[in-house]
Amino acid sequence: MKDAPDVARRLDAVDYLTDDGLAMALFLAVRLGKPLLLEGEPGVGKTAAAKALARALDTTFIRLQCYEGLTAGEALYEWNYQRQLLAIRLAEAQGSRLTDGDLFSAEFLQERPILRAVRHPGPVPPVLLIDEIDRADDEFEALLFEFLGEAGVTVPELGTFTAHTPPIVVLTSNRSRELHDALRRRCLYHWIEFPAPQRAAEIVRRAVPTAGEPLIRTATEFVGAVRGRELDKAPGMAEAIDWVAALSVLGATDLAGDDVLQTIGTIAKTPDDRVTVAAALGTHQGSALGTHQESQS
């Protein structure tokens with residue numbers, strides 16, 4: 001990837017549309033070998049950006065999904081205790097004895113996503129997605145500092161594994177809690193905004209090629225407008241795509257008809273939001289009808 005426009009072109013080729021800011025952030029992450037922290041509301045394409053980058057580079061994609069209570073054993077590495085126990089029993093049956101050095105060796109080491117990324121053979125670096133880091137505990141962030149700063153993981157029994165081909169690391173956060181300053185300091189940063197209407201329509205057009213142009217245009221405009229209302233969870237691009245896909249399956253060509261109202265569960269995810277979105281849709285349909293009648297007179 002020679003520059004940010006080249007990144008945008010390559011992502012475009014794998015059907016991920018990006019703006020100049022995100023293209024530059026990804027370019028710098030690749031060129032500088034720095035982790036990239038992507039933040040933004042749910043559904044704006046943070047996870048999809050990492051997946052698309054891996055496809056654009058034709059490299060291995062490794063994902064670590066974060067959650068409360070995530071441990072080092074699940075994220076970095078752990079020992080295969082069953083194999084160790086079998087080895088002990090086999091040694092006893094043969095009249096020999098295994099030492100700690102025999103048991104805690106690379107043979108019994110199980111790679112989890114981070115260590116797998118560190119030990120990736122290359123030559124093209126893998127893309128490691130640490131998804132929704134804000135869902136993990138504060139303590140887990142501290143476990144990442146060595147890896148994010150040095151592209152290495154220390155296994156006390158074996159030493160430190162340092163990547164020969166450092167992975168491209170993308171972290172995502174929905175800002176459900178504040179991240180530690182030490183983690184932010186180790187990362188490049190980019191906030192992904194909900195796309196402008198024209199780019200939103202192009203994203204939906206590629207994701208739902210069966211949908212008609214009037215439906216894509218009016219649906220994305222409506223989603224963009226309703227995001228400005230007081231909602232528990234504003235719909236993102238993922239919800240917009242689901243909505244247009246549902247409407248397309250029903251044969252809708254625009255936002256008119258009772259079927260449209262019955263599909264708002266794709267963009268409204270709480271009872272209160274359903275009421276708000278339904279009211280906005282009713283207003284939109286009334287406005288569209290009034291405009292149509294005026295054009296007929």
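**Group meeting: pocket, sheet and one histidine**

The residues lining the largest pocket divide into 15 nonpolar, 7 polar and 13 charged. Here Ala, Val, Leu, Ile, Met, Phe, Trp, Tyr, Cys and Pro count as nonpolar, Asp, Glu, Lys and Arg as charged, and the others, Gly among them, as polar.

Before going on, this is a predicted model, where local features need pLDDT of at least 70 and side-chain atom pairs count only at pLDDT 80 or more, while totals for chains, interfaces and linings use all residues. Residues are numbered from 1 along each chain as its sequence is written, and side-chain values use heavy atoms, with hydrogens and water left out.

Back to the pocket. Its volume is about 670 Å³, meaning the space filled by probe spheres set on grid points joined across faces, edges and corners. A pocket is an open set of points on a 1 Å grid over the protein atoms alone, where a 1.4 Å probe fits, with protein on both sides within 12 Å along at least five of seven lines; lining residues have an atom within 4 Å of a point. Of the 35 lining residues, the closest to the centre are Tyr16, Gly43, Val44, Gly45 and Ala48. The elements giving two or more residues to the lining are α3, α10 (197–207) and α12 (237–249). Helix α3 gives the largest share, 6 residues. Helices (H or I, at least four residues) and strands (E, at least two) are DSSP runs, numbered from the N terminus.

Now the sheet. It is open, with 5 strands in the order β2-β5-β8-β1-β9 and parallel pairing; two strands pair if DSSP finds at least two bridges between them. Strands β2 (61–65) and β9 (188–191) are at the edges with a single partner strand each, so one side of each has no neighbour in the sheet. Inside it, 4 bridges join β5 (residues 127–131) to β8 (residues 168–173), and Leu129 stands opposite Val170 in β8. Helix α3 (residues 46–57) packs on this sheet, touching β1 (36–39), β2, β5 and β8. Contact means heavy atoms within 4.5 Å. Helix α8 (residues 138–150) also packs on the sheet, touching β2, β5 and β8.

Separately, β6 and β7 form a hairpin with 3 residues between them.

Last, His120, in the loop between α7 (113–118) and β5. Is His120 buried or exposed? It is buried, with a relative accessible area of 15%; buried means under 20%, exposed over 50%, partly exposed in between, with a 1.4 Å probe and protein chains only. Leaving aside neighbours within four places in sequence, His120 is in contact with Thr60 and Pro126.

Terms used
Axes fitted to C-alpha atoms, helices over the stretch in contact; angles between N-to-C directions.
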